[in-house]
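Let's walk through this structure together, starting with a pair of helices and then moving on to some strands.

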Amino acid sequence: MQRLLVKLSSSSSTNSLRSSKNHPLILPLLSSSNPFTASESPSNRFGYSYSAELFRNSRSNSRTLRVNGSSRCISSEAGRDSIEYDVLIVGAGPAGLSAAIRLKQLSQEKNTHLSVCVVEKGAELGGHIISGNVFEPVALDELLPHWRQEQTPIEIPASSDKFWFLTKDRAISLPSPFDNKGNYVISLSQVVRWLGGKAEELGTEIYPGFSASEVLYDASDKVVGIATKDMGISKDGSKKETFQQGVDIKGRVTLFAEGCRGSLSERIIKKYKLREEVNAQHQTYALGIKEVWEIDESKHNPGEVVHTLGWPLDSKTYGGSFLYHMNDRQVALGLVVALDYHNPFLNPYEEFQKLKHHPAIKRILEGGTVLQYGARTLNEGGFQSIPYPVFPGGAIIGCSAGFLNVPKIKGTHTAMKSGMLAAEAAFGLLHEGLNMNTYWDNLRDSWVWKELYTARNYRPAFEYGLLPGLAVSAMEHYVLKGKVPFTLKHGKADHEATDLAQNHTPIEYPKPDGVLSFDVPTSLYRSNTNHDHDQPSHLRLRDPKIPEKVNFPEYAAPESRYCPARVYEYVEDEEGKPKLQINAQNCLHCKACDIKDPKQNIEWTVPEGGGGPAYSLM
């Protein structure tokens, strides 16, 4: 903790920032007297390293510091360090960083000081961010109006829109329902790094590599912050020589921006019954699997945007693919599969491998090289599934609440706007005596609400199958424009939608050819995923008997297929019976298991900070 004091007592008003055009990296501390120093590190591809270990390396006595005229308490209670900020933000994605930037802007405009801290479980900013992203800059225009005059990773304008219906051998062109004029094809990983730099320039303290594992409450059940996960615990629960106790990070306001299916956000939603508060429906999800390829220059059309429906998915499974031409001869290819699919034998990863052999896709990829692989779930519930986002002590923002516009296939702009609105409410609460509920009021008065309301019936229309869904969505888009006097409801929750195996036939997938399609270990290597193997599994079974007694015999072990990283495998025990083996070190943090397990027996929790994928292009 003494290392943190170096920063708090520094005479510099902002932190130094080291960045490049393509790979900016936030360095919370870069003075010669602190551990967050630029250096060579074999585990850091961007040429910088920081030591999370040194952040906790010592214990400080109870004290109060004066920082720019405001007080911050740092104390040690029962061996745990406690740090207090005005606003604590959990998660350094588009929503969290937009909130941080807006808070600091308001602080400057009103000539007041506001301490803002962002904690991020990824080892680097953007390391856990993945999105097939055609970026709509409406929120960024509001947040940073002069961004176009700066050097940013937002530089490839969308140049064309194509919409294909795929059969096994053909790509049938359809009228495109998308209008991406004025939008940009981006890597969200890189944009998040850039946003982090803007937040840091304004004085935000950003700490990657720290997992928020617990919500802290006061005696009145109000949220007062989070606890970071202990480091250096072995698989058997004993403390290793490297053990470092977690830190309690407290905020007068806490904003949860953990992304889709955020583990702490879900606890908050359940504890305070935030869905029931506004009669919101359950959330429904999809799994997105993505690769970034470098292709032949003659096939590359910067800014070209392609979306598809149909093959390889069957007519009862909602989903589709995307192919976006980025810069530097790169293309982003992905398949999105709704997790309310019925057939337990369906394997989203293998469906993605099949997709790459479609003639229309194959001709683009042939001769190319895969640069990166990843997967992540996304919210598809939309307007109907938005919970009341305010709770005692803070708010939920971004994809943790679920602001994705499904027919647009865009959620970054709405996530950013939600973070900005929450920041304005938090500032009003702390400095103007207003109520945090103004976040909810302003959200409903914003373009976010209007946009999601207009799009509300697209996704549930596909509950009736592909063709009925296309018919209803076309009527909505071209004729009714979201003005129908009713709102369709979602079907069963994703985990409840899984049928028994006896009702389906196993699917035989072709073997990977090692050129276009690949096995899971090869893809996993390209995600740069890494966890300390000697730590307790962050994937917990509420009942360890359910996999062998229910999932395997009744559903044919679906967890061995819906996971895109082969975390879940059934092996034979000493008696030759199937036993579930959890390879937690493979986890991509996609959250599919937490969502799709038929009996909701798997609980996804955070591993040690810094573990997981390390995306740079996604």
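Is the crossing of α3 and α5 left-handed or right-handed? The crossing is left-handed, a term for a near helix turned anticlockwise from the far one by less than a right angle, with clockwise being right-handed. Before going further, note that this is a predicted model, in which local features need pLDDT of at least 70 and side-chain atom pairs count only at pLDDT 80 or more, while totals for chains, interfaces and linings use all residues. Residues are numbered from 1 along each chain as its sequence is written, and side-chain values use heavy atoms, leaving out hydrogens and water.

Helix α3 covers residues 94-109 and helix α5 covers residues 188-201; helices here are DSSP runs of H or I with at least four residues, and strands are runs of E with at least two, numbered from the N terminus. The two axes, lines fitted to C-alpha atoms over the stretch in contact, come within 9 Å and cross at roughly 20°. That makes α3 roughly parallel to α5, the term for angles under 35 degrees.

Now look at strand β17, residues 304-310. Strand β7 (residues 160-166) runs parallel to β17, joined by 7 bridges, and W164 has T308 as its bridge partner in β17. Strand β18 (residues 319-325) runs antiparallel to β17, with 4 bridges between them; here V306 has L323 as its bridge partner. Two strands pair if DSSP finds at least two bridges between them.

How values were computed
Buried means under 20% relative accessible area, exposed over 50%, partly exposed in between (1.4 Å probe, protein chains only). Axes are lines fitted to C-alpha atoms, for helices over the stretch in contact, and angles run from 0 to 180 degrees between N-to-C directions. Angles under 35 degrees count as roughly parallel, over 145 as roughly antiparallel, 65 to 115 as roughly perpendicular and the rest as oblique.
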